[in-house]
Amino acid sequence: MTGTQRRAQLLDVSRRLFAEKGFDGTSVEEIAARAEVSKPVVYEHFGGKEGVYAVVVDREIQALTSALTGALEEGGHPKALVERTALALLGYIEASEDGFRILVRDSPVAQATGTFSSLIGDVATQVEHLLADQFKKQGQDPKTAPIYAQMLVGMVALTGQWWLDARSPSKNVVAAHLVNLAWNGLSALDRRPTLTRTV
């Protein structure tokens, strides 16, 4: 293998191990054994377990950030924004189960610190600005936008963590129920919520 190919192989092997066992449960010895290389090869490419973990996490954060930012940047009706954000997170989980496991295992959304919590905080800030604009247009107090942004993003993130293992119902059904609760509230829940757009 070339150096680039070996690095890619080590990242792939490490990603699977971190998803299975977490950072603390994974060792350089295991990474090397699964990749069928010696430990010094892992150290040569990444300087150790911390180095390879940092690269894996950074790649996952970039992928998830890209998906969520794309959903938020499209604009449009606030209900469509909630739909797209929910579908973007669930779509990322569906396409990158190992990656999402890594992000939430060592920094669950319920904690105030950690990479996933930081990402969710960044998304909430983007949502906050969009909500504030909508609140102004509707004559509501835009100062409450940060509260609602945290609630919306937290609801979607925690549901995503649950769906990671449940995987039933489908992502479109889960997203429809998320939007139903976020948009209609408990007092006005639709009996059979649907999305205006499916993926």
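Modeller: Start with a term. A salt bridge is a side-chain nitrogen of Lys or Arg within 4 Å of a carboxyl oxygen of Asp or Glu. Keep in mind that this is a predicted model.

Biologist: What makes Asp-165 and Arg-101 a salt bridge?

Modeller: The N to O distance between their side chains is 2.8 Å. The cut-off is 4 Å. So the pair qualifies as a salt bridge. Asp-165 lies in helix H8 and Arg-101 in helix H6, so the pair ties together parts that are 64 residues apart in sequence.

Biologist: Why is Asp-165 called exposed?

Modeller: Its relative accessibility is 55%. Exposed means over 50%. Therefore Asp-165 counts as exposed.

Biologist: Which residues are linked with Asp-165 and Arg-101 in a network of salt bridges?

Modeller: Glu-97 and Arg-167 join them in that network. The structure holds nine salt bridges.

Biologist: How do you know that Glu-94 and Lys-171 form a salt bridge?

Modeller: Their closest N and O atoms are 3.1 Å apart. That is within 4 Å, so the pair counts. Glu-94 sits in helix H5 and Lys-171 in helix H9 (residues 171-184), so this bridge ties together parts that are 77 residues apart in sequence.

Biologist: Are Glu-94 and Lys-171 buried, exposed or partly exposed?

Modeller: Lys-171 has 13% relative accessibility. Buried means under 20%, so Lys-171 is buried. Glu-94 has 43%. That falls between 20% and 50%, so Glu-94 is partly exposed.

Biologist: What makes Lys-21 and Glu-30 a salt bridge?

Modeller: Their closest N and O atoms are 2.2 Å apart. The limit is 4 Å, so they pass. Lys-21 is partly exposed, at a relative accessible area of 37%. Glu-30 is partly exposed too, at 23%.

Biologist: Why does Lys-49 have no salt bridge?

Modeller: The nearest side chain of opposite charge is Asp-24, 5.0 Å away. A salt bridge needs 4 Å or less, so Lys-49 has none. Yet Lys-49 is buried. This residue is in helix H4.

Biologist: What does the side chain of Lys-49 reach?

Modeller: The backbone oxygen of Phe-23, at 2.9 Å. Leaving aside neighbours within four places in sequence, Lys-49 touches Phe-18, Phe-23, Asp-24, Thr-26, Ser-27 and Val-28.

Biologist: What does the UniProt record place at residues 4-64?

Modeller: The unreviewed entry gives "domain: HTH tetR-type" there. In the model, the chain over residues 4-64 is 89% helix and 0% strand. The end C-alpha atoms of this stretch are 24 Å apart.

Biologist: How do you know that the span of helix H7 agrees with its number of residues?

Modeller: H7 has 23 residues, 115-137. At 1.5 Å a residue, they should span 33 Å. The end C-alpha atoms are 34 Å apart, which agrees.

Biologist: What covers the buried residues of H7?

Modeller: The cover includes helix H4 (49-73), helix H5 (78-95), helix H6 (97-105) and helix H8 (145-166). Among the buried residues of H7 are Phe-116, Leu-119, Ile-120, Val-123, Leu-131 and Phe-135. Just after H7, Gly-139 takes a positive phi of about 75 degrees.

Biologist: What makes the phi of Glu-36 worth a mention?

Modeller: Most residues other than glycine have a negative phi. Glu-36 is not a glycine, yet its phi is positive, about 60 degrees. Glu-36 lies in the loop between helix H2 (28-35) and helix H3 (39-46). Its relative accessible area is 73%, so Glu-36 is exposed.

Biologist: What is the phi of Arg-167?

Modeller: Positive, at about 55 degrees, although Arg-167 is not a glycine. Arg-167 lies in the loop between H8 and H9. At 30% relative accessibility, Arg-167 counts as partly exposed.

Biologist: Which residues does a cis peptide bond join?

Modeller: Ser-168 and Pro-169, with omega at about 5 degrees. Pro-169 is in the loop between H8 and H9. As a rule, most peptide bonds are trans.

Note on methods: Residues numbered from 1 in each chain as written. Predicted model: local features only at pLDDT ≥ 70, side-chain atom pairs only at ≥ 80, totals over all residues. Heavy atoms only, no water. Helix = DSSP H or I, 4+ residues; strand = E, 2+ residues; numbered from the N terminus. Expected span 1.5 Å × (residues − 1). Buried < 20%, exposed > 50% of the residue type's maximum accessible area, 1.4 Å probe, protein only. Contact = heavy atoms within 4.5 Å. UniProt positions renumbered as here; feature names shortened; annotations may be inferred. Lys, Arg positive; Asp, Glu negative; His and termini not counted. Polar contact = N/O pair within 3.5 Å; in protein donor to acceptor, adjacent residues only side chain to side chain.
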